[in-house]
Amino acid sequence: MDHKQRKILITGGAGFIGSHLVRLMVNKYPHYHIYNLDKLTYAGNLENLTDVESLPNYTFIKGDITDTAFITELFASHQFDGVIHLAAESHVDRSIANPTAFVETNVLGTVVLLNAAKNCWKSFDDKLFYHVSTDEVYGSLGETGFFVEDTPYDPRSPYSAAKASSDHFVRAYHHTYGFPMVISNCSNNYGAYQFPEKLIPLFINNIKNEKPLPVYGDGKYTRDWLWVVDHARAIDMVYHNGKHGETYNVGGKNEWKNMDLIHLLCDVADEELGREVGSSRSLITFVKDRPGHDRRYAIDATKLETEIGWKASITFKEGLRDTIKWYLSNEEWLTNVTSGAYKEYYQNQYQS
Ligand code: NAD
Ligand code: DAU
């Protein structure tokens, strides 16, 4: 346990992973002050953090990481000891529709933060800039093999190209200026508070509402799923024990072909909804594939496990059932995030 008092800036703390990280950090480190900087885009939601919002060591700041004057002033006035940077545009489909937004937030926003930290920190002793990144920077795997930390970068979507670029900037600041940084590259997260545009929460919501389940292409794409709380635990451990200048891959050795996962999701949701088990499978609808769709991701997290001592805390079947129960019992949260623009776009997109 770290007993030093620290001021830590978490960017994107009102989003899915960020809100779990904020919750973990404010509760685990009452002697730290956690600042959550978030623009509150469609993906940011303060309802994700109602249980921590009145804690004395937590402050929310609404702001945009691409706003240089604002960010410079924020660093000057708060003198943060560390930054854990998660704010990003995070959805691959949206990056295909509008790449520029991903360059602005993910690349430019990261560079604005790097400059503010570098210029504000008179000495780099006891300071750290942590970039939370994705396994998608490594590209796509064939039937076998795993991503390791020195797998060459091969981003293939506008989202992953922007995340790869931001990773390169963070490393470039380390090599050029001796800037204290660490990066982690994680596989697909699932759990509570995920905006229902990503596969798992979208499909739970559609099963609940008996809407079509749009499967891209042949459904044989593979993803390596990790419970979001285990990702937040990994970030905490890497922040405190990671070696500066290093990269750590995060994943739970939990590969699923989309169709297998979707069948499991339908069956568990049917059980929880008291429907005939298997009945929701009839909602499965094959649709046009995602352009440039990466075939398979799989993470080798040996470095994180052996050097930092992290391991996943729950099995996928436990985590998935808990997640389904959470969405089904948090009707108000789901209704609030799926109203307005969401409804027009997602609910009608695949109507036959
Ligand atoms: P998310 O889309 O749920 O949340 C992103 C947050 O960033 C939102 O709260 C949003 O309001 C905020 N934000 C966006 N633009 C901003 C700006 N210009 N200024 C300030 N705040 C802004 O994303 P997530 O799924 O929680 O992902 C968080 C981070 O983790 C991202 O960097 C993502 O690339 C990375 N990551 C995600 C996954 C995953 O499976 N979701 C896996 C690995 C890595
Ligand atoms: O690997 C980490 C990445 O995982 C993160 O960096 C991204 O932020 C996160 O969005 C996620 O990217 P994916 O593209 O893998 O996640 P998504 O939930 O969009 O899709 C998962 C798989 O399901 C993928 O093969 C596409 C497929 N899919 C997705 C949706 C939304 C469908 O078949 N139908 C759908 O409607």
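Helix α6 is followed by Glu210, whose phi is positive, near 50°; helices are DSSP runs of H or I of at least four residues, strands are runs of E of at least two, and both are numbered from the N terminus. The model is a predicted one, in which local features need pLDDT of at least 70, side-chain atom pairs count only at pLDDT 80 or more, and totals for chains, interfaces and linings use all residues. Residues are numbered from 1 along each chain as its sequence is written, chains are lettered from A and ligands numbered from 1 in the order in which they are written, and side-chain values use heavy atoms, with hydrogens and water left out.

Helix α6 spans residues 199-208, and nine of these 10 residues are buried, so the helix is largely enclosed by the rest of the structure. Buried here means under 20% relative accessible area, exposed means over 50%, and partly exposed covers the values in between, with a 1.4 Å probe and protein chains only. The buried set in α6 consists of Ile200, Pro201, Leu202, Phe203, Ile204, Asn205, Asn206, Ile207 and Lys208. Tyr193 is placed in the loop between β7 and α6. Its phi is near 70°, a positive value in a residue other than glycine. With a relative accessible area of 16%, Tyr193 is buried.

The chain as a whole contains 12 helices and 12 strands. Its radius of gyration is 20 Å, close to the 20 Å that the globule rule gives for 352 residues, so the chain is as compact as a globular protein of that length. The radius is taken over C-alpha atoms, and the rule is 2.2 Å times the number of residues to the power 0.38. Along the principal axes, the C-alpha atoms fill a box of roughly 60 × 45 × 40 Å. Of the 352 residues, 57% are buried. Among contacts between residues at least 6 apart in sequence, 82% join residues at least 24 apart, a contact being heavy atoms within 4.5 Å.

The accessible surface of the chain comes to about 14700 Å², and carbon and sulfur atoms account for 50% of that area. Accessible areas come from the Shrake-Rupley method with a 1.4 Å probe, and for residues only the protein chains shown count as cover. The chain carries 35 positive and 45 negative side chains, and the centres of the two sets lie 1 Å apart. Lys and Arg are counted as positive and Asp and Glu as negative, while His and the chain ends are not counted. Each charge is placed at NZ of Lys, CZ of Arg, CG of Asp or CD of Glu.

Strand β4 (residues 82-85) pairs with β1 in the parallel sense over four bridges; two strands are taken to pair if DSSP finds at least two bridges between them. Thr11 has His85 in β4 as its bridge partner. Strand β5 (residues 128-134) also pairs with β4 in the parallel sense, over four bridges, and Tyr130 in β5 stands opposite Ile84. In a regular strand the side chains alternate between the two faces of the sheet. In β4, Gly82 and Ile84 point one way and Val83 and His85 the other way, and all are buried.

Strand β9 (residues 222-227) is mostly covered, with five of its six residues buried. Strand β7 (residues 188-190) is joined to β9 by three bridges, and the two run parallel. Within this pairing, Asn189 has Leu226 in β9 as its bridge partner. Strand β11 (residues 255-257) pairs with β9 in the antiparallel sense over three bridges, and Glu255 in β11 stands opposite Asp224.

Further individual residues were examined. Thr105 is found in helix α4 (residues 99-120) and counts as buried at 17% relative accessibility. Neighbours within four places in sequence left aside, Thr105 is in contact with Ile65, Thr66, Ala88, Glu89 and Thr110. Leu40 is found in the loop between β2 (32-38) and β3 (58-62). Although not a glycine, Leu40 has a positive phi of about 60°, and its relative accessible area of 26% makes it partly exposed. His3 lies in the segment before β1 (6-11) and is exposed, with a relative accessible area of 64%. His3 and His31 are 28 residues apart along the chain, and their C-alpha atoms are separated by 7.3 Å.
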